[in-house]
Structures are given as structure tokens and as C-alpha cells.
Amino acid sequence: MACPGSMPVTSGVSFFLLFSIPAGSLPRHRSMRKFLGRLFLFIVLAVPTVFAYVAWWVYSPLRLPGTTVEFTIAAGSSLRNAAREIAAAGVAMSPWRLAALGKALQVEAAIKAGSYQLQGEVTPLDLLRKLTRGDVTQAELTLIEGWTFRQVRQRLDAHPDLRHDTSGCSEAEILHRLGASEVSAEGLIFPDTYLFAKQSSDLDVLARAYRAGQRRLNSAWQTRAANLPYRDAYQALIMASIVEKETGREPDRAQIAGVFVNRLRQKMRLQTDPTVIYGLGDNFDGNLRQRDLLADTPYNTYTRSGLPPTPIAMPGLASLQAALHPAENDALYFVARGDGSSQFSRTLEEHNRAVARYQRGGRS
């Protein structure tokens, strides 16, 4: 017989359930277990599905509106803005997906500004790599030996793949922005072919060409021949520009430089037509007359002694080397033979005979 106030002893499990589950809640507890089980099953099935979809999208080629798509990413653009620009160019994709992929890969801040081109099969991952590498499309600009700075500016202004930041700028303003100390830009730009990202600033291209010219000039000046009649490297550049305009024939460059160096040493006037033509500017109509040789300008080497005040064109490396390593000769004159080469003479009498032979058809 049970003692008064006592209760039957139950099993440990029954006792625990009796006191841990409120009355009437057992069916609710079973529903929760069933819900959690289904949730777990959903997660187990959904996560691989999501990953599979993401992987499929990342490695699937994007649909392009044509065989080639071009777009430009402005400096300072976020990846989301860049993605919108790409979509606006016709690439079939959701900008937020590319932005999310970049964020997941932690490269959203690594994209490079510039002009891009898409061709063939390009996946979102390929596109993202292209943007972070800065794999921009390039254009080129060729500056020709013997061009004046005016011709360089005309070429820059006409180039369709450049941003024309120097348009309307004076030559002095351009020199200031280049950090140049010279008063004239003539001859400072090195003639070469320059590659650049599309929509680059024309000032950036000019700056590269200016630095290239400075490097070439300084290097050549350091290895110059001894006892040259130049005060500094800039005067050597002036001489190189004259040589550039006098001949395009490689074997004659050093010989012509030798003639001018001999004249400078003997205090003779250079008497070179290209400097006169440069001094005439727009007044030159293509025909150099006697009156032009007598019209005094700072560049008329018939009326003034020594070198002109600035270069008259862009000299190439060959002309620069010729000016700093002139041929050791005793010639003081030369005349064009008519085939691109020149006849060199030591005396005025020899020169007059050469002029009569090659330019006057044998008439003295």
C-alpha cells in the first residue's frame, strides 16, 4: 500500500517527458521536428542546385549583339556601374550578377578604366578577368620624322581614338602641362609609333613622346663626339632637325652634319634652305625665291650666323646621331644631285661646278 502523499515511480524517460513537454504540446513538437527535417532536406537539395546554377552562369558564354562589342569604362567607375555600361552596349547579362561575382571574388575595386572589346565566346568570369587585368583595346599613332609641331597637333586632333584635351590650348600651355622648360615645342616630340588605350588623352600621348625625346637626346648627348661647336644638348637637337630636313638618305646624314659643323667652326653662315622655309611659315607657297633668302627672320641662316633659335622639325634618331657624330671631312658645301643623294665640295669653285652640273643642266 502506498504511503499517503506518494506517487507511483515512473521510468526516467517517461518522467523527463512528463515534466519537459507541457500538456497538449506533444503533437506540436512532432510538427516542428517534421518541419525541421523538411527544411534540412530542402537545404541539402537547394544548395548544390544554387551552386550548380552559379557555376553554369559563370562559365556560360554571354550573348553578344554582334561579332564585336566595344564599350568604355570611365575612370572611377564602380563594378556595378561598369556592368551597367556593358549591358547598355548590348551584352545580355544582369549587371547585379556581375557585381555580385566581383564582390564574391573580392575584385570589385580592381577594375581598370579604358576601352574594351569583346569578341567570340566570353563568359562572365572571362569578362571580369578582362576588366581587372585592364585588357583594353589599343590604337596607334605614328609621328613622322621631319614633321613640325603644328603637323603633330593636326594629327592628334584628327585621331578618332584620342580624347582631345589639348584642343584650344596654346603651345605655351601645352609645354607647361608637359612640364617642359623650353619656350618652343618644336623638335621636342620624338617621332615614333605610339600605342595607347582608346579614348586616352592626347596630352598623355604627347607626354610619352616628349619623355622619349628627352631620353634619346640625353643619351645621345652623353656619348657625343669631342669638340663639337654646341653649347648644350638643345643646340645639338637644333642641328639634328636641320639634318633631318636636308636629307632622308642615311649615308648622307653624317656628311651633311659634318658640313654644318665645319661652317660653325669657321664662323660661316649655314645658308640652309629648310630654316628659311620654316621662318616664312604660312607665307611659303612651295617655291623658294631669291627675295625669300634675303628676307631676314630669326630662322634665315643666309642673313644670320649660327644656329636658328629652335629646332625646325622633329629629328629622328639617325639625324640626332649624325649631329652628335658628324663625319670628319673638310667639305663646306653640298648640293642635291637629284636622285636623293648629295654632292659635297671643299671650295666654292667646286660647289659652283656641282650646282651647274646637277641643278642647272650644265649651265654655269
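These legends go with a set of close-up views of one predicted protein model. Because the model is predicted, local features need pLDDT of at least 70 and side-chain atom pairs count only at pLDDT 80 or more, while totals for chains, interfaces and linings use all residues. Residues are numbered from 1 along each chain as its sequence is written, and side-chain values use heavy atoms, with hydrogens and water left out.

**View 1. The whole chain, before zooming in.** The protein chain has 14 helices and 8 strands (DSSP runs numbered from the N terminus: H or I of at least four residues for helices, E of at least two for strands). Of its 364 residues, 40% are buried (under 20% relative accessible area, with exposed being over 50% and partly exposed in between; 1.4 Å probe, protein chains only). Take the contacts (heavy atoms within 4.5 Å) between residues at least 6 apart in sequence: 65% join residues at least 24 apart. The chain exposes about 21,200 Å², and carbon and sulfur atoms supply 53% of that (Shrake-Rupley method, 1.4 Å probe).

**View 2. The largest nonpolar core.** This core has 55 residues, and Leu143, Ile189, Leu206, Tyr230, Met239, Leu307 and Leu324 have the most contacts inside it. A nonpolar core here is a set of buried Ala, Val, Leu, Ile, Met, Phe, Trp, Tyr and Cys residues joined through side-chain atoms within 4.5 Å. Elements giving two or more residues to the core include β3 (138–142), α6 (149–158), α9 (233–246) and α10 (250–265). α8 gives the most, with 10 residues. Apart from this core lies another, of 24 residues, with Val69, Ile86, Ile111 and Leu118 among them.

View 3. Leaving aside residues up to four places away in sequence, Leu324 touches Ala220, Trp221, Arg224, Ala225, Leu228, Tyr230 and Ala236.

**View 4. The largest pocket.** The volume is about 830 Å³. A pocket is an open set of points on a 1 Å grid over the protein atoms alone, where a 1.4 Å probe fits, with protein on both sides within 12 Å along at least five of seven lines; lining residues have an atom within 4 Å of a point. There are 29 lining residues, of which Gln271, Asp273, Tyr302, Phe334 and His351 lie nearest the pocket centre. α10, α11 (273–280), α12 (290–294), β7 (333–336) and α14 (348–358) each supply at least two residues of the lining. By class, the lining has 14 nonpolar, 10 polar and 5 charged residues.

**View 5. The second largest pocket.** This one has a volume of about 380 Å³ and a lining of 16 residues, with Thr148, Arg150, Ile277, Tyr278 and Gly281 nearest its centre. α6 and α11 each supply at least two lining residues.

**View 6. Two loop residues with positive phi.** Most residues other than glycine have a negative phi. Gln199, in the loop between β5 and β6 (200–201), has a positive phi of about 70°. At 34% relative accessibility, Gln199 counts as partly exposed. Asn227 sits in the loop between α8 and α9, and its phi is near 60°, also positive. Asn227 counts as exposed, at 70% relative accessibility.

Conventions. Grid points are joined across faces, edges and corners, and a volume is the space filled by probe spheres set on the points. Ala, Val, Leu, Ile, Met, Phe, Trp, Tyr, Cys and Pro count as nonpolar, Asp, Glu, Lys and Arg as charged, and the others, Gly among them, as polar.
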